[in-house]
Amino acid sequence: MSLIAGSYERFLWGFKLKSQKHPQSFSLNPLFSFPAHLSPIKCAAVSGSAAVTGGSDDTIKIYDLSTSSEIGSLHYSSSITSLCFFTPPSSALALPRNLIAAADDGAVIIYDADPFVHLKTVKSVHKKGVNDLSVHPSGTLALSVGRDECLAMVNLLRGRRSFCCRLGKEASIVRFSGSGEKFFMVLDDKINIHESEDAKIVAELDIKKRVLCAAPGADGILFTGGEDRNITAWDTNSGKVAYSIEDAHSARVKGIVVLSHSGGPAPEDEPYLVASASSDGVIRVWDVRMAYRGRPDPLAEAKTKSRLTCLAGSSFRTKRSQIGNTTLGNNQEMLDRES
């Protein structure tokens, strides 16, 4: 299991989560740390051994986590604000098929992920910068929210915007559930839960303080973190808090990653791992099952001494040869093609 974290100081940090000989004992072993961008890192994504980061320097950096190396970069004309891999559910090794990027000029950019080549730039998806995007598990469409207070849908097969509606308020985060049947939008201190089929609101979660990160888990659980410094697990079926880790960090929670595979029921003796990162530079890994018994102690912790901005990770144990033969294509415009 691998984690990467970006920071305001331009540094990228990589860790490998390893289990120790003693039961329920883990460690975060450093893989690398270096100034990956020329300006603050805004976003990151991981799928298998493939990892990417985006920053204010108009660049997407690409890494092979199995060799702890940077293998190339993709350049755009605006700051990269969000990154998301599409990985087919049938991919046993979590090999990504596409990389979807959002930019500060309101565009959504579609790349092939093997090799990394530019396929299509969907311009003017938003009139202002894109805050976040999420790809449906089918890989056919993506939702995005922007500073223009709009929600947009992008048809990834045709490479064009297919829907846009005004929200009346700026949303900062959008996420599909693991099944794709629902999606969630974060609007400051509220989370709206929608049906994906017709965008109908099925629940509204009121949160006391601003939400800065969110990650869907198994069985309809949505993990959130933010200015309250807690990790909260919401039951999206009932709209109530399932459990929470109070004071998980001493500063704002900036990133949450569900490391345990959510494809089916896990054995009772197997921990359900969730990683979190805070703006004070601390990364922690939790067994959230222990939250039912009170505030648990983290299973592992790493201190970067950086102002972390984002966190991404993969639950898959990757092999060295997964993307070793990947080469970067040129960023020329290509015809629309179906994934």
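Q: How far apart do the end C-alpha atoms of residues 222-244 lie?
A: They lie 11 Å apart, and this span is 0% helix and 65% strand. Please keep in mind that you are looking at a predicted model. UniProt, in an unreviewed entry, lists residues 222-244 under "repeat: WD", along with 34-73 and 273-289.

Q: What do the figures look like for residues 34-73?
A: Here the end C-alpha atoms are 15 Å apart, and the chain is 0% helix and 65% strand.

Q: How should I read the confidence of the model, and where does pLDDT stay under 50?
A: The general idea is that where pLDDT is low, the predicted coordinates should not be read in detail. In this protein the mean pLDDT is 88, and 88% of the residues reach 70 or more. pLDDT stays under 50 over residues 318-322, where the model has 12 contacts beyond four places in sequence. The other stretch is 324-339, with 35 such contacts.

Q: How do I read a nonpolar core, and how many residues has the largest one?
A: In soluble globular proteins, nonpolar side chains tend to be buried together. The largest nonpolar core here has 20 residues, and L3, L17, L28, L259, I283 and V285 have the most contacts inside it. The elements giving two or more residues to this core include β1 (2-7), β2 (11-19) and β3 (26-35), as well as β26 (282-287) and β28 (308-314). Another core, of 19 residues, lies apart from it, with I60, I62, I80 and L83 among its members.

Q: Which residues does L259 touch, not counting those up to four places away in sequence?
A: Among them are M1, S2 and L3, and also L17, L273 and V285.

Q: Is L308 buried or exposed?
A: L308 has a relative accessible area of 0%, and because buried means under 20%, it counts as buried. You will find L308 in strand β28. Leaving aside neighbours within four places in sequence, its contacts include A5, W13, K254, A277 and I283. K254 is 54 residues from L308 in sequence, yet their C-alpha atoms are 7.0 Å apart in space.

Q: What is the phi of D58, and what is the phi of A199?
A: D58 is not a glycine, yet its phi is positive, about 65 degrees. D58 belongs to the loop between β5 (50-55) and β6 (59-64), and it is partly exposed, with a relative accessible area of 23%. A199 also has a positive phi, near 65 degrees. A199 is in the loop between β18 (190-195) and β19 (201-206), and it is partly exposed at 34% relative accessible area.

Notes:
Residues numbered from 1 in each chain as written. Predicted model: local features only at pLDDT ≥ 70, side-chain atom pairs only at ≥ 80, totals over all residues. Heavy atoms only, no water. pLDDT = per-residue confidence, 0-100. Contact = heavy atoms within 4.5 Å. Core = buried A, V, L, I, M, F, W, Y, C linked by side-chain atoms within 4.5 Å. Buried < 20%, exposed > 50% of the residue type's maximum accessible area, 1.4 Å probe, protein only. Helix = DSSP H or I, 4+ residues; strand = E, 2+ residues; numbered from the N terminus. UniProt positions renumbered as here; feature names shortened; annotations may be inferred.
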